[in-house]
Amino acid sequence: MTKPARWTISACTAAILLATPVLAPLPFAALPALAQTAVPAKKPASVPSAPPPAAQQAPKLPPRTLFSAADDDAAAIPGMPDARFFADSRADFEKALPPTPGPWLILSTGGEDGAFGAGLLNGLTAAKSRPDYAVVTGVSTGALMAPFAFAGPKYDAALKDAYTKITAADVFEIGSTGQSFLDSWPLQDLIAKQITPQLLADIAAAYKSGRRLFIVTTNLDAERSVVWNMGAIAAHGGDAALNLFRKVLLASGSIPGAFPPVLIDVEGNGKKFAEMHVDGGVGGQFFVVPPALLASNSGYKIPATALYIVINSSLQRYFTVVDPSTAQILGQTVSMAVMVDLRLMIDRAYVASKNSGIGFNVASIPANFFAPSRGPFDPQYMGALFSEGFSIGKSTTPFADAPPAYMDQPATDPAGQSK
């Protein structure tokens, strides 16, 4: 049986809903099947549910240090005042930009479908048509691939491995943490292995040459997106910079409720406290400039020579008869909401690029791409998607110069059946 790439969101959502303490002892082999089934029925109200064993209960979390909005507005990373800025600050954004214009690469959210973007970049390298991007931005899975993309083609093999040789076990473990349904310690370990001191040094060198790498997280306390100047962080060097770099990447992919939030130590108004950061996709599926500057009436000119936007998702709708279960209802709802948000953001970026007089280029997973999948982060599925992206990247027209067209009919599989 085949499925559209957009299934990722539904499946991951279903897995999240199913990953309650009672399921913690189940092996990972059971996850793919569970992710496509209904949530187990609850016991009748007359039969009280027994609490989970002590070993399965989420740990009691210590209280957080209280701080005010004013404290957070003034907060900075100790010893790294240039490490970040709020995504809605035009002044701070412009201060962080490279000294000279150039092409910008924008990498979107998408979970395992980041294999598409990884393949596309490898294909561009193979075709010798990959520019030296002046700015690279990444959100969620886009954030995880962005360091490799920014550091250049010498890291193409590492980028490929990151999206074709991992499994669900490399990303999460089933079990409540008290802050989430799943534990993301496997992803934390994976990031630590991938973000090496040498990669950090190469990113620092690119930053010093005038290029910029921006990663987005969401400051949940302030309800504001935060842009991290990863090159500036790398340029500070040492263990503190390496640890912060890795922590930011983990935060950018920490889906609220699914993965634990990431606490980042800061100092503001003489106070030391920790901010709560979650997935950058909460504030938008990709990042180009501060949101207000994308408004059609803003008059802002994007200081780039061209935009290259990689959408790690399909933008076509897929018909399916939704199973009347919480997992499937929520999964289908999230899938649709993300697709609508992506299309709106692409349109805003398109209008902004035209108003700025710069080139607009966008690539997304084709509507006719189908591949079998055994569950979230299936290496075979991601390998097939990587190959699809590679073929497109190597082609003569890897990007479209306008937003993808809307389809009147739902996409179908090769046999002609709606999905």
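How much space lies in the largest cavity? About 40 Å³. This is a predicted model, where local features need pLDDT of at least 70, side-chain atom pairs count only at pLDDT 80 or more, and totals for chains, interfaces and linings use all residues. Residues are numbered from 1 along each chain as its sequence is written, and side-chain values use heavy atoms, leaving out hydrogens and water.

**View 1. The largest cavity and its lining.** The structure has two cavities of 30 Å³ or more (on a 1 Å grid over the protein atoms alone, a cavity is a set of points where a 1.4 Å probe fits but cannot get out; lining residues have an atom within 4 Å of a point). Volume here is the space filled by probe spheres set on the points. Look for Leu293, Leu294, Ala295, Ser298, Gly299, Tyr300, Ala352, Asn355 and Ser356 around the largest one. That lining splits into five nonpolar, four polar and no charged residues.

**View 2. H6 against H7.** Helix H6 (residues 141–151) and helix H7 (residues 156–164) have axes that come within 9 Å and cross at roughly 155 degrees. H6 and H7 are therefore roughly antiparallel (angles over 145 degrees). In H6, Thr141, Leu144, Met145 and Phe148 meet Ala158, Leu159 and Tyr163 of H7 (contact means heavy atoms within 4.5 Å). Six of these contact residues are nonpolar, one is polar and none is charged.

**View 3. H7 against H13.** H7 also packs with helix H13 (residues 379–394), at about 135 degrees and with axes 8 Å apart. Lys160, Tyr163 and Thr164 in H7 meet Pro379, Met382, Gly383 and Phe386 in H13. This contact counts four nonpolar residues, two polar and one charged.

Methods: On a 1 Å grid over the protein atoms alone, a cavity is a set of points where a 1.4 Å probe fits but cannot get out, and a pocket is an open set with protein on both sides within 12 Å along at least five of seven lines; lining residues have an atom within 4 Å of a point. Ala, Val, Leu, Ile, Met, Phe, Trp, Tyr, Cys and Pro count as nonpolar, Asp, Glu, Lys and Arg as charged, and the others, Gly among them, as polar. Axes are lines fitted to C-alpha atoms, for helices over the stretch in contact, and angles run from 0 to 180 degrees between N-to-C directions. Helices (H or I, at least four residues) and strands (E, at least two) are DSSP runs, numbered from the N terminus. Angles under 35 degrees count as roughly parallel, over 145 as roughly antiparallel, 65 to 115 as roughly perpendicular and the rest as oblique.
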